Amino acid sequence: MDWKKYLNTKRLRVSKRDKTSDFRNEFESDFGRVIFSPATRRMHDKTQVFPLTTDDNIHSRLTHSMEVMSVGHSLSLNLCENDLFINKVKKEKSTLLRQIPVIVKNACLVHDIGNPPFGHFGETVIQTYFEKLFGSNENKPLQKFTLTKEEKEDFIFFDGNAQGFRLLTKLQILDDAYGLNLTFGTLAAYLKYPNTGEKNNNIISQKKRGVFQSEKNYLNTIAKGSGLLIKNKIIRHPLSFIMEAADSICYLVMDIEDGYKKKWYDYKFVKEKLSDIPGMLETFEYIDSKFKSEISKMVNLRLALIKRLVILADKNFVDNLEEICKGEYNLELIKDDTHNLAKKLALFCYEHIFSHKDIMSLELTGHSVLTGLLDYYIEFCFHQKSDYRNRAVGLISKSTVKVAMLETKCSNFEELTDYYKLRVIVDFISGMTDQYALDHYQKLSGQKIN
């Protein structure tokens, strides 16, 4: 348990920040870098659950991330006031308060920054596309693309976490391939899945491919600097458990509120479905006795659920801190619960929100848009005639192409390997907002001109 390394202020490139009149610490500087980045702004038009919604009351990826940041701040402030935690960390409370809550806020704000348009279904669309493109078995080997097995899997296992790490460390480019050049502490806390290899559903840090081959060296450097390399294996940063808890608390609770605002059910329905969870009957009795209007009851239900899950997550974090720091704790903090509150909230969301036909219909629209964009750009960028290649590459963001040039030392798109050509295409498309992706697809397919 080496908190000096966990709170490492080192960066991939030495910072050029003028500190003469800047009293922020390195993690507070990270927050400024993130909050002002274009990638953060683009999350305002990326799907949380409801694609292409025009309802201002429904969560976007940005509003979700801001709420995750708020809950993450509460979770980490509680830790810094916990004497048992302070004794384990062996640092002054005043020092911790300027470090841990800031790192957690940073990680929470960017936790979904790499998600493609159309939410998590967008990830599925990209995975499915490349699975089909590359062939799903040995009888259908790679055809015109030359990639290693691991490179091919980067696309077949495409994940917003890995794309986010690439975005933070490279794609938010100015003059070099270091992106926002965040501290090791912030980047390590961001990484829920510090894994470049096979997926393993039995190990929490390996359930997804959370880092692409193109950022493997960065991961190794950050893991070593942050004390996460144990017996040649990279484990999760302890604060990534806190970020994950904040994310899960928000989407479980706020998705239920979004469904209510859509008028898909009322407070009475929610009460009927959740009352059998130990402790919830008392919660509903308290809410019903204190508040009259239905909206007040829904808001106070939200407050009660968040409070209960925050207390649970913090307790499990402190109680299991030694195992977490050894890489031996293998559960989400809010799912380590004999009452199964989080699991029952997740079941409610699955049965009454995610399966709603309005969502599924728009997700299939997202499938058509993303598949169409991938079809056009891959066909044209790999076309035999340079007339097509030049026009397609000319439409891709110059900064996206520039990153690939810098990381490969190539001088133009034509020199890139197939892996990096596909990397550029996916970087470009996954960085689009929902509406931009729809408009761009309609223009490329001739459905509209302006």
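Modeller: Let me begin with a definition: helices (H or I, at least four residues) and strands (E, at least two) are DSSP runs, numbered from the N terminus. This is a predicted model, in which local features need pLDDT of at least 70 and side-chain atom pairs count only at pLDDT 80 or more, while totals for chains, interfaces and linings use all residues. Residues are numbered from 1 along each chain as its sequence is written, and side-chain values use heavy atoms, with hydrogens and water left out.

Colleague: What separates phenylalanine 130 and phenylalanine 134 in helix H8?

Modeller: They are four residues apart in helix H8 (residues 119-134), and therefore about one helical turn lies between them.

Colleague: How many aromatic pairs does the structure hold, and why is the pair of phenylalanine 130 and phenylalanine 134 called tilted?

Modeller: The structure holds 21 aromatic pairs. Rings of Phe, Tyr and Trp (its six-membered ring) pair if their centres lie within 6.5 Å, and planes under 30 degrees apart count as stacked, over 60 as edge-to-face and the rest as tilted. Here the centres are 5.7 Å apart and the planes stand at 40°, so phenylalanine 130 and phenylalanine 134 form a tilted pair.

Colleague: Why do phenylalanine 130 and phenylalanine 134 count as buried?

Modeller: Buried means under 20% relative accessible area, exposed over 50%, and partly exposed in between (1.4 Å probe, protein chains only). Phenylalanine 130 is buried because its relative accessibility is 0%, and phenylalanine 134 is buried because its value is 1%.

Colleague: What makes tyrosine 376 and phenylalanine 380 partly exposed?

Modeller: Tyrosine 376 has 22% relative accessibility and phenylalanine 380 has 21%, so each value falls in the partly exposed range. Both residues lie in helix H19 (residues 357-381).

Colleague: How do you know that the charged end of lysine 105 sits over the ring of phenylalanine 31?

Modeller: The test asks for NZ of Lys or CZ of Arg within 6 Å of the ring centre and within 35 degrees of the ring normal. The charged end of lysine 105 sits over that ring, 4.9 Å from its centre.
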